[in-house]
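Subject: Structure handover

Hello,

Here is the structure I said I would pass on. Please look through it, then read the notes below.

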Amino acid sequence: MPTRHKLLSINDVTKVFTIGGGFQRARLKAVEKASFALEEGKPEIFTLAGESGCGKTTLAKMILGLLEPTDGEVLHSGRSVQDLVKGDQRDDFNKKVQAVFQNPFETFNPLRPVDTYLLETARNYVTGGSNGASKNAVAEALDLVGISYSLVEDRYPHEFSGGQLQRISIARALITAPSLIIADEPVSMVDASLKMSVCNLFKVLKEEHQVNVIYITHDLATAYYVSDRIAIMFRGNIVELGPVNTVLVEPKHPYTRVLKDSVPEPDPSNKWSGRIKLSGFEERDFMRKGCKFAGRCPEVKAICEEEDPPMVAIGSGMVKCHLYAR
Ligand SMILES: Nc1ncnc2c1ncn2[C@@H]1O[C@H](COP(=O)(O)OP(=O)(O)O)[C@@H](O)[C@H]1O
Ligand SMILES: [Mg+2]
């Protein structure tokens with residue numbers, strides 16, 4: 001029997017940036033030994049959540065092959081993403097893994113009608129040039145996001161709302177029939193009233209079109225609503241990972257608990273109405289030895305200041321914390 005590879009494997013992935021100069025030069029581990037995997041044939045919405053600066057975008061760029069890990073590896077269907085994007089399988093990889101970014105107004109050139117982007121994607125990756133077939137492919141993708149072709153034809157980005165334009169950029173991503181979409185803060189510039197409609201779209205893509213979504217956010221409300229599994233990041237580390245109903249309802253890691261308690265809302269449907277924000281960004285948390293959360297942890301022990309905590313499996317999840325280490 002041929003080996004069945006996972007759709008995506010992230011194995012101990014680390015990215016170190018060198019910041020500052022001269023005596024101030026320092027190595028910042030923007031992502032440190034991150035690991036998780038998405039199974040083939042079991043589409044899910046996997047959320048990476050954490051406050052600004054915790055390493056979400058850096059990890060997303062490594063999954064997309066846009067940044068090379070300093071250590072560890074990202075495998076797509078068993079093959080190194082770095083090899084895929086540098087080799088002749090690049091187009092195939094780009095078809096299967098698509099990205100949606102935060103600001104749709106930056107995705108599209110303001111001076112170009114948006115339909116030209118979609119047609120170009122269809123020609124380059126799907127239809128090989130035919131105009132009629134390209135239009136059909138674009139119309140089909142737009143149909144999936146609930147927008148008709150006539151609405152985008154010859155229209156410029158400024159003629160749309162942020163929510164509409166984000167739907168159009170998701171349609172562009174769908175043209176190549178990807179198995180994975182990486183959506184980096186896709187609703188943070190979208191009106192509150194339209195956020196859920198974009199989130200619902202991800203659910204439909206997963207349930208009806210077998211698309212996996214890595215949803216990146218600092219907004220726990222949408223994360224709770226949309227995710228199957230969630231990974232909580234703090235200062236470059238995944239500190240807790242598991243089914244969203246476990247991690248956000250019965251958090252184990254002190255950081256996840258602090259996040260939960262920082263949203264004083266008794267109604268469970270509104271539980272996650274807040275954004276993740278603990279305090280200002282502090283570089284020295286990245287630099288500290290031991291647990292990165294030790295400086296703020298209400299349950300800190302001596303060992304936390306000294307030793308990096310191991311990732312411990314508990315029930316259906318994982319927690320990186322000395323409280324649970326044996
Ligand atoms: N190209 C870079 N050079 C140096 N530092 C960077 C670079 N990109 C990101 N960083 C730093 O890495 C950390 C994580 O950044 P990022 O991945 O953008 O976080 P997030 O997306 O969670 O807000 C931050 O401290 C950021 O300043
Ligand atoms: Mg980011």
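Which of the 14 residues around ligand 1 come nearest? They are Gly53, Gly55, Lys56, Thr57 and Thr58. Please keep in mind that this is a predicted model.

For Gly53, a backbone N or O atom lies 2.7 Å from an oxygen atom of ligand 1. Gly55 also brings in a backbone N or O atom, at 3.1 Å from an oxygen atom of ligand 1. With Lys56 the side chain is involved: one of its N or O atoms is 2.9 Å from an oxygen atom of ligand 1.

The other findings concern helix 8 (residues 162-174) and its packing.

Helix 5 (residues 114-127) and helix 8 have axes that come within 10 Å and cross at roughly 15°. Because angles under 35 degrees count as roughly parallel, helix 5 is roughly parallel to helix 8. Their crossing is right-handed. Val114, Tyr117, Leu118 and Thr121 of helix 5 meet Leu165, Ile168, Ala171 and Arg172 of helix 8. By type, the residues of this contact are six nonpolar, one polar and one charged.

Helix 6 (residues 131-144) packs with helix 8 at an angle of about 130°, the axes being 8 Å apart. That angle makes helix 6 oblique to helix 8. The crossing of helix 6 and helix 8 is right-handed. On the helix 6 side, Ala141, Leu142 and Leu144 meet Ile168, Ala171 and Leu174 in helix 8. The residues of this contact comprise six nonpolar, no polar and no charged.

Regards

Note on methods:
Residues are numbered from 1 along each chain as its sequence is written. Chains are lettered from A and ligands numbered from 1 in the order in which they are written. This is a predicted model: local features need pLDDT of at least 70, side-chain atom pairs count only at pLDDT 80 or more; totals for chains, interfaces and linings use all residues. Side-chain values use heavy atoms; hydrogens and water are left out. Axes are lines fitted to C-alpha atoms, for helices over the stretch in contact, and angles run from 0 to 180 degrees between N-to-C directions. Helices (H or I, at least four residues) and strands (E, at least two) are DSSP runs, numbered from the N terminus. Angles under 35 degrees count as roughly parallel, over 145 as roughly antiparallel, 65 to 115 as roughly perpendicular and the rest as oblique. A crossing is left-handed if the near helix is turned anticlockwise from the far one by less than a right angle, and right-handed if clockwise. Contact means heavy atoms within 4.5 Å. Ala, Val, Leu, Ile, Met, Phe, Trp, Tyr, Cys and Pro count as nonpolar, Asp, Glu, Lys and Arg as charged, and the others, Gly among them, as polar. A residue is near a molecule or strand if one of its heavy atoms lies within 4 Å of it. A polar contact is a pair of N or O atoms within 3.5 Å; within protein, one must be able to donate a hydrogen and the other to accept it, and residues adjacent in sequence count only if both atoms are side-chain atoms.
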